[in-house]
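Biologist: I'm new to this one. Could you show me what we're looking at, and then let me ask how you know what you tell me?

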Amino acid sequence: MPTKIEKDAVTGKMTTGHEWDGIKELNTPLPKWWLYILYGTIAWSVLWAILYPSFPGLSGHFRGILGWSMRSEITEQMAAARAEQAPFLDRIRAASLEQVRNDPELLAYAMAGGRVAFADNCAGCHGAGGQGARGGFPALVDDDWIWGGSLEAIQQTIVHGIRNTQDADARLSQMPAYAGVLTRPQINDVAEHVLSLSGRSTDAAAAGRGAAVYAENCVACHGERGEGVRDVGGPALADAIWLYGGTKAEVVAQITNPRMGVMPAWGGRLDEATIRMLTVYVHTLGGGE
Amino acid sequence: MDAPTKAKPTPAQASQPASLYAAHVKVYPARVQGRFRYAKWVFLVVALGIYYGLPWLRWDRPGDAPDQFVLIDLAGRRFYLGPIAIWQDELYFVTGLLIIAAVALFLVTSLFGRVWCGYACPQTVWTDLYLWVERRIEGDRNARMRLDQGHRNGAYWRRKVLKHAAWIVIAAATGGAFVLYFGDAPTMLADIVTGQAGSWTYSFLGILTFTTYALAGWAREQVCTYMCPWPRFQGAMLDENSLIVTYRTWRGEPRGKHKQGESWEGQGDCVDCRQCVNVCPTGIDIRDGQQLECIGCGLCIDACDAIMDKVGRPRGLIALDTLAHMQKAETACAALPPGPARQLAGDTATADRRIIRPRTLIYAGVLAAVCLVMLAAFLMRSTTELAVLRDRAPVYILLADGSVRNAFTVKVWNKGYEEPHYALGVEGLPGAAVAVVGAPQEAATIATRADGVATNRVHVTAPAGARLPESTRLRFVLTDENGQEVVSHDSVFLAPKR
């Protein structure tokens, strides 16, 4: 119920003219500075909406007269980062792998860049630190190489992969399944022989019988004393490292019905500099030859 | 207009509910001359000289860092003080300096009262400088008061604009000098002037320009009275033996006008000239006793001494004195009537000024202890440090011949400007082979980076057939070419469960 605006006797302030049951409202306006800040923020928001992307439209949105966007900013930042990397990457492309490996500056750069590329592309199978995984994913930190651990051999493996169908030059080796070729006792004997190569056999007689079977079937790929043949990708059998496990049951299983892993070819997926950095990184993990 | 003192509530106001808001009364400090004023000028020139000049002091420094004596290199994470370079991991030296400064402030306050507030505080120094500018442009106290109350004519605006312009120039120079501590001063100044400095530089320059202008130009004594926490808790450092600015009541009261040639019998020395109030930068009346607002600058002493010389009374009606002495004098002259006899009794009542007392001893002891600890830590600081991080994936590597290898990341901090090569060895694992990636296999040497951190991959291989426990304690040792141990770091060697 509006009443007349009057001066309040107690406080000396004016009333607003609003009255409820005899209670009158004092006119206590917002402080000026507060209002000016409010107006200022409103003006600011209008300016902001004009300068920067703001209102949605039927097709897309208003992009602001400055043309700024988060996406273009990150694109610029990425381009700047790439420009900074470029001289190093050019040097890595131009140098031989051996030169990269021996130049402290390039080595440090390749190790850092290789670590990132490794985590992105390789860690899924070979483990975050190159430790490999059970069931046929080779460790890259040790000194046992199926296809060779020199810089060139590692690069070859990365570029073309192993047993894949995309790359005609992929490394290829095929171990036959001996389930139908050898009898069960023969498989048992040759498994004992293989274990004896690294001093693990528990049955000397069987190992002795297995030597003949080994000489007949296995020597071509795994070598006379189980040292492995890298040219054909035949893994060493006389060392302490077992791709598919070193217990007798696992060895028997591998002879009977072998498993063989596949590695994709990275030549078409990664650029040359990345592959070279990866090569050097893998080489420095511990087993480089 | 009456002299602007802080409003005391009148009896009529006291019956009303007390308002918590005190309207600001502008203070117009008058010009004064004397010993304390002179000391303040000297301190002002020295302090501002150091502040504005220090970034320009050069120091020939190897490496890429600018040749600046005092430099806070935020990008490089270094603090340079002449030949000393403090790295970010040694920030405790800077913390130590701050602790030393704080305890020294406690000690000085308990001995001499609020000398920090009155002489050394940046708020005081810049306010003094701003007041000096104000006085040069607008005149002394009375002229300034007239100007503010008079017409807003051309002369008024000319002076005001000139004053604020001068203030803003000083403020900008203050902000500008601050940012110069963070980079090469000549380069930065050129960049700032030509508009090529970074946004951070301009932001801080702007912020400090604004705070200097606002605090020294406008806020002034309100900073000390309302904003600053230090006056609130420094009461804990003061006691009855600390020097404070005091009005000697027994000598001054009863105050009143005095005609030249008349006897002083029955009258105190205070002629109620209000000079002590007029010169006060915080606008208080020291004759009301100890007050929170008093910053202990002693300008009222200078003002009063000049008046005492004029009226032919001894100096020291307002003086630096202790509460203990005030108490003694008060008691000694209580029975005597006002006049010279009473003043003599008060003057001769002395209280031994106890400089050595538990409070000062404790502050001095703490100060000495912190100084010694920081000095010892500084003298024993190593310029080479070693950190060893062992690989977690994989925790160990099994090699073809059955031996076990662990891989580590070894970082060498080199705080010097030489680049020595060190031999890296391990202790605790007999027969272990150490190989640094990128270094010749047989040597296991680690190259360092001058004024930087060198990161190396290191492989430690236990000999084949060594029957190792799951975990072996290992110590990495760097040795120089003479075989002397430089620095070491502990780690462990992990092997598979047997």
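**Where the chains meet**

Modeller: Between chain A and chain B about 1,100 Å² is buried, and carbon and sulfur atoms give 63% of that. In chain A, the residues that lose the most area to chain B are A:V141, A:D143 and A:A240, together 31% of what that side buries. This is a predicted model, where local features need pLDDT of at least 70 and side-chain atom pairs count only at pLDDT 80 or more, while totals for chains, interfaces and linings use all residues. Residues are numbered from 1 along each chain as its sequence is written, chains are lettered from A and ligands numbered from 1 in the order written, and side-chain values use heavy atoms, leaving out hydrogens and water.

Biologist: What makes that area "buried"?

Modeller: Buried area is the accessible area (1.4 Å probe) that two parts lose on being put together, summed over both.

Biologist: How many residues are in contact?

Modeller: 16 residues of chain A are in contact with twelve of chain B; contact means heavy atoms within 4.5 Å.

**Cysteines**

Biologist: Why is B:C333 called buried?

Modeller: Buried means under 20% relative accessible area (exposed is over 50%, partly exposed in between; 1.4 Å probe, protein chains only). B:C333 has 0%, so it counts as buried. B:C117 has 7%, so B:C117 is buried too.
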